[in-house]
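Hi everyone, thanks for having me.

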Amino acid sequence: MNEVLSANSKLRRKTTRDGAGDRLFVLELSGDRIHSMNIDGSGREVIVTDCRLPDGIVVDVKAGHIYWTNMGSSPGANDGSIERADIDGKNRKVVVPEGGTFTPKQIHLDKTNGKLYWSDREGMRVMRANLDGSNIETLVETGRGDADRRDLTRWCVGITVDPVRRQIYWTQKGPDKGGQGRLCRAGIEIPHGETAANRSDIEVFFDRLPEPIDLELDLQHRVLYWTDRGDPPRGNTVNRASIDAKPATPEIVLTHLMEGIGIALDVPGDRMFVTDFAGSLYSAKLDGSGERNFLYAQGNLTGIAYAKL
């Protein structure tokens, strides 16, 4: 235990020197690796290797942990998993074993209630578990079986949680660049007497989107952000919308991404960080101004998390 604390303390001291404690954690799908770096791309380290198609990542700063999803050996294999490690990548542990989820994508940490939420793409589910992987639950089920799995409008990808209204938000991406994507929301708990497959409280927040992927919620301003990897002009973008006063159409705040995937917000710092599948890392203000592509050609990048250590 002393060795673990010492390693984490060294990382915290290093990030404080290099970037005032601000750190990005980035998943490289093509290399099956997790990178840690300062917010300008400097001080980069590979902290985890030999992942299995990593896609979503979150940071539990207080506990000194990262959690990430592995999609598995190949799409359709039903061998996805979720792992945890210390912030420096040591003490790696399987939380949800292979097959406990089909193809887990973006993951969300509800630290207050001790829960992990994630979307399961080919599993066609929105799921939840305790931080130790126990008590796995299916909250939404959009389909079941191989026939349904061939319908990409059922595939769940992005996930976030509104703890104020006790709602979950998720994306169903649809066919590649197909203009059939949806952004949905429902209560955190399944209504009494209903099931994940027939719950009556699901609302389609936006539909006919190019191909929505990951979500992030600015709780301070009650604004939802998401990436879209579909075709321009509405795709290859970052979008946002108020969740309390829904606009007729989302506001596009970033454009010209190369298949945008991951997004992380630093609301107090008025900035966002975005990855795309072509290997670029971007930063910008929350309104999209001041955009900067500070790394490029870094492999196929997926999830990203921001943390102040």
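**Starting from one threonine**

Thr-171 has a relative accessibility of 0%, so it counts as buried. Before I go on, please keep in mind that this is a predicted model.

Where does Thr-171 lie? You'll find Thr-171 in strand β13, which covers residues 167-172. Its side chain reaches over to Gly-158, with 2.7 Å to the backbone nitrogen there. If we leave aside neighbours within four places in sequence, the contacts of Thr-171 include Trp-155, Cys-156, Val-157 and Gly-158, and also Arg-182 and Leu-183. Pro-212, Ile-213 and Leu-215 are in contact with Thr-171 too.

Now let's step back to the sheet. Strand β13 belongs to an open sheet of four strands, in the order β12-β13-β14-β15, and the pairing is antiparallel. At the edges are β12 (156-162) and β15 (203-209), each pairing on one side only. From one strand to the next, the twist averages 15°. Between β14 (residues 181-187) and β15 there are four bridges; as an example, Arg-185 has Glu-203 in β15 as its bridge partner.

In soluble globular proteins, nonpolar side chains tend to be buried together. The largest nonpolar core here has 15 residues, and among those touching the most other members are Phe-25, Ile-34, Val-48 and Trp-68. Strands β1, β3, β4, β5 and β24 each supply at least two residues of this core. There is also a second, separate core of 14 residues, including Val-238, Leu-265, Met-272 and Val-274.

Methods: Residues numbered from 1 in each chain as written. Predicted model: local features only at pLDDT ≥ 70, side-chain atom pairs only at ≥ 80, totals over all residues. Heavy atoms only, no water. Buried < 20%, exposed > 50% of the residue type's maximum accessible area, 1.4 Å probe, protein only. Polar contact = N/O pair within 3.5 Å; in protein donor to acceptor, adjacent residues only side chain to side chain. Contact = heavy atoms within 4.5 Å. Pairing = 2+ DSSP bridges. Axes fitted to C-alpha atoms, helices over the stretch in contact; angles between N-to-C directions. Core = buried A, V, L, I, M, F, W, Y, C linked by side-chain atoms within 4.5 Å.
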